[in-house]
Amino acid sequence: MKYSKIFLYGLLALMLTTCATVPITGRKQLNLIPSSTLLPMSFNQYSEFLNTNQLSTNSAETQMVKRVGNRIQRAVEKYMTQNGMASRLEGFQWEYNLVEDQAVNAWAMPGGKVVFYTGILPVTKNEDGLAVVMGHEIAHIIAGHGNERMSKGLLAQAGQVALSTYMRDQPQATQNMMLAAYGAGTQVGVMLPFSRKHEREADKLGLIFMAMAGYDLNEAPQFWERMSAMSNGQAPPEFLSTHPSTESRIQDMRRYIPEAMKYYQPNN
């Protein structure tokens, strides 16, 4: 009981001191995992994925993915610097790759790692459409959704284990259990889908990031209309697996556009 109380008090103190704020939206979130731990895991997992999957040999499409990623990245970095948040990007190793796979999907990992599958390009259709998805994925990164999800999983795992077993005589074992959760987190972005709350936040931030980079925001609802048409009468694409319904998403996009346009900067 003594060790349990110490652990719980320590956990509460940790939560109070590791509360972060999502840029622009201002939402409070829990980030227990330091970048020095999270980013190496992300980079290793990303490299492993690239080593076991075929990169696209279509140079034009590959360059488009990289071009859009770099353009949004530069706009976001400029914003973060101007608003005193450049430190949040320390240690990032931005990278954009196009993988040969007919799945209609794209995903991102902490530290600036993004993958597009060739199967999503017929839906993005053009560079502005691709920017809709790229802005969304970069928004997951900037909003720290990977860290937040892993932090909550860490707490959930601690709560599911019989604390008396680990803490009555072996408080160090509980620490080891928490560290083990980091290993499960190496699947972030590939195997573990984001929550709908995160998806909605990424939608909103993604539009803002598109605007910062000078892309046409009107392409966003059109992209989701095309995505909706794909899922009619069949299982939804993987990119939609845990997302809000496409109809509500299209409505949200149209509602977000006026606010996002306040951040619009023509591409020079």
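## Pockets, cores and salt bridges

Guide: Start with the second largest pocket: helix H3 (residues 59-82) supplies the largest share of its lining, 6 residues. Keep in mind that this is a predicted model.

Visitor: How much space lies in the second largest pocket?
Guide: About 350 Å³. It has 13 lining residues, and the closest to its centre are Ala75, Lys78, Met212, Ala213 and Gln265.

Visitor: And how does the lining of that second largest pocket split by class?
Guide: It has 6 nonpolar, 4 polar and 3 charged residues.

Visitor: OK, now the largest pocket. What volume does it have?
Guide: About 440 Å³. Its lining counts 26 residues, with Asn31, Ser35, Arg88, Gly144 and Asn147 the closest to the centre.

Visitor: Which helices and strands each supply at least two residues of that lining?
Guide: Helix H2 (35-51), strand S4 (106-109), helix H5 (127-142) and helix H6 (145-160). H5 gives the most, with 4 residues.

Visitor: Switching topic. How many residues are in the largest nonpolar core?
Guide: It has 55 residues. Those with the most contacts inside it are Ile72, Phe116, Met134, Ile138, Leu207 and Phe209. H5 provides the largest share of this core, 9 residues.

Visitor: What does Phe209 touch, leaving aside its neighbours within four places in sequence?
Guide: With those neighbours set aside, Phe209 is in contact with Ile24, Ile72, Val76, Gly135, Ile138, Ala139 and Ile142.

Visitor: What is in the second, separate core?
Guide: That second core has 8 residues, including Tyr46, Phe49, Trp107 and Val115.

Visitor: Is His140 buried or exposed?
Guide: Buried. Its relative accessible area is 3%.

Visitor: Let's do charges. How many salt bridges are there?
Guide: The count comes to 10. Take Arg27 as one case: it forms a salt bridge with Glu201, and the closest N and O atoms are 2.8 Å apart. This pair links distant parts of the chain, 174 residues apart. Arg27 is in the loop between S1 and S2, while Glu201 is in helix H9 (residues 196-212).

Visitor: Are Arg27 and Glu201 buried or exposed?
Guide: Arg27 is buried, and so is Glu201.

Visitor: Why does Arg27 get called buried?
Guide: Because its relative accessible area is 18%, and buried means under 20%.

Visitor: Which residue does Arg67 meet in a salt bridge?
Guide: Glu127, through the side chains, at 2.9 Å from N to O. Arg67 sits in helix H3 and Glu127 in helix H5, so to speak distant parts of the chain, 60 residues apart.

Visitor: Buried or partly exposed, for those two?
Guide: Arg67 counts as partly exposed, at 40% relative accessibility. Glu127 is partly exposed too, at 24%.

Visitor: And Asp203, what does it pair with?
Guide: Asp203 forms a salt bridge with Arg249, the closest N and O atoms being 2.5 Å apart. Asp203 lies in helix H9 and Arg249 in helix H11 (residues 246-260), so the pair ties together parts that are 46 residues apart in sequence. Both Asp203 and Arg249 are buried.

Visitor: Which residues are linked with them in a network of salt bridges?
Guide: Glu199 joins Asp203 and Arg249 in that network.

Visitor: Last one. Where is Thr62?
Guide: In helix H3. Thr62 counts as buried, at 13% relative accessibility. Not counting residues up to four places away in sequence, Thr62 touches Ser56 and Leu98.

Terms used: Residues numbered from 1 in each chain as written. Predicted model: local features only at pLDDT ≥ 70, side-chain atom pairs only at ≥ 80, totals over all residues. Heavy atoms only, no water. Buried < 20%, exposed > 50% of the residue type's maximum accessible area, 1.4 Å probe, protein only. 1 Å grid on protein atoms, 1.4 Å probe; cavity = no way out; pocket = protein on both sides within 12 Å on 5 of 7 lines; lining within 4 Å. Points joined across faces, edges and corners; volume = space filled by probe spheres on them. Nonpolar A, V, L, I, M, F, W, Y, C, P; charged D, E, K, R; others polar. Core = buried A, V, L, I, M, F, W, Y, C linked by side-chain atoms within 4.5 Å. Contact = heavy atoms within 4.5 Å. Salt bridge = Lys/Arg side-chain N within 4 Å of Asp/Glu carboxyl O.
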